[in-house]
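Hi,

Here's the structure I said I'd pass on.

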Amino acid sequence: MPLRFATSTPLLLLIDMQQAVDDPSWGPRNHPQAERVCAELLAAWRGRGLPLIHIRHDSAEPRSTYRPGQPGHAFKPETLPLSGETVIGKQTNSAFIGTGLEALLRERGWRELVVAGVSTSNSVETTARMAGNLGFNVWLAEDGCFTFDKVDWQGRLRRAEEVHAMSLANLDGEYCRVCRSEAILAELGNIPARA
C-alpha cells in the first residue's frame, strides 16, 4: 500500500540527533547512513517550508553523554538546527513528557508526524508510541533511525539490527506506520511548497 499523507502539513520530528551517540561507550550500532537520511529529510522539509521540530535530550544524569555542558550535547552537524527552527529539550525518553510538544502540535493543528532519529529502541520508540496513543498520525522513517547492540534480560547479546527490527515490529501498524525514507520523500513531492 503506497504511503499517503493525510494532511498537507506533515511535521518532521527529529529526535536526539546529538553527538552524544558517537561516544564509543554506546557500542556497535546499525544504519550508518541514518545521519545522511535525516539530513535528506530535513533538507526536503526545509525546501518545502513544512513544519519541523528538533528534539534535544538534556540529560540530568551526571555520567550521561547527553548532559548539557558536555561535547555530546551538541547537535550532529548533518542535522544542526537553523536559526528560527524549533528546538524542544526533554529529560525523559519521551518527547511528550515534561515538554510543550503536545500543546504546540495541537495549537498549530499539526496532527501528522514523520519521526526519525535515535535511538530506535529508546526515545524514538517511546515517542512514536505516545504520539500514536495521543491520536497523532505517525510515520517512522526506518532508515533514518538507528540503535545499538543490547544485552537482553536473559543475558544474551542482541545485535543492533535485531534490536532495531524488534522495536519497529512493536510499533508498526499499532502506533505508527514504518516505512523507508524514499517513500516519505516521494509522497512529500505531492505536497506543494509553502511560501
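Arg106 and Glu102 join their side chains in a salt bridge, with N to O at 3.0 Å (for a salt bridge, I mean a side-chain nitrogen of Lys or Arg within 4 Å of a carboxyl oxygen of Asp or Glu). Why do these two pair up along the helix? Arg106 and Glu102 sit four residues apart in helix H2 (residues 101–108), so about one helical turn separates them. Helices here are DSSP runs of H or I with at least four residues, strands are E runs of at least two, and both are numbered from the N terminus. Arg106 is partly exposed at 45% relative accessible area, and Glu102 is partly exposed too, at 26%. The cut-offs are under 20% relative accessible area for buried, over 50% for exposed, and partly exposed in between, with a 1.4 Å probe and protein chains only.

Before you go further: this is a predicted model, where local features need pLDDT of at least 70 and side-chain atom pairs count only at pLDDT 80 or more, while totals for chains, interfaces and linings use all residues. Residues are numbered from 1 along each chain as its sequence is written, and side-chain values use heavy atoms, leaving out hydrogens and water.

Back to the charges. The structure has 18 salt bridges. Another one links Glu162 to Arg158, whose closest N and O atoms are 2.8 Å apart. Glu162 comes out partly exposed at 38% relative accessibility, as does Arg158 at 23%.

Asp22 belongs to the loop between strand E1 (11–15) and helix H1 (34–48), and Lys76 to the loop between strand E2 (52–57) and strand E3 (86–90), so their contact ties together parts 54 residues apart in sequence. Is each end buried or exposed? Asp22 is partly exposed at 46%, whereas Lys76 is buried at 3%.

And the cysteines: how many disulfides are there? Searching the whole structure turns up zero, taking a disulfide as a pair of cysteine sulfur atoms within 2.5 Å. For Cys176, the closest cysteine sulfur is the one in Cys179, 8.4 Å away and therefore too far for a bond. Cys179 is likewise in no disulfide. Cys176 counts as buried at 7% relative accessibility, and Cys179 is buried at 10%.

Cheers
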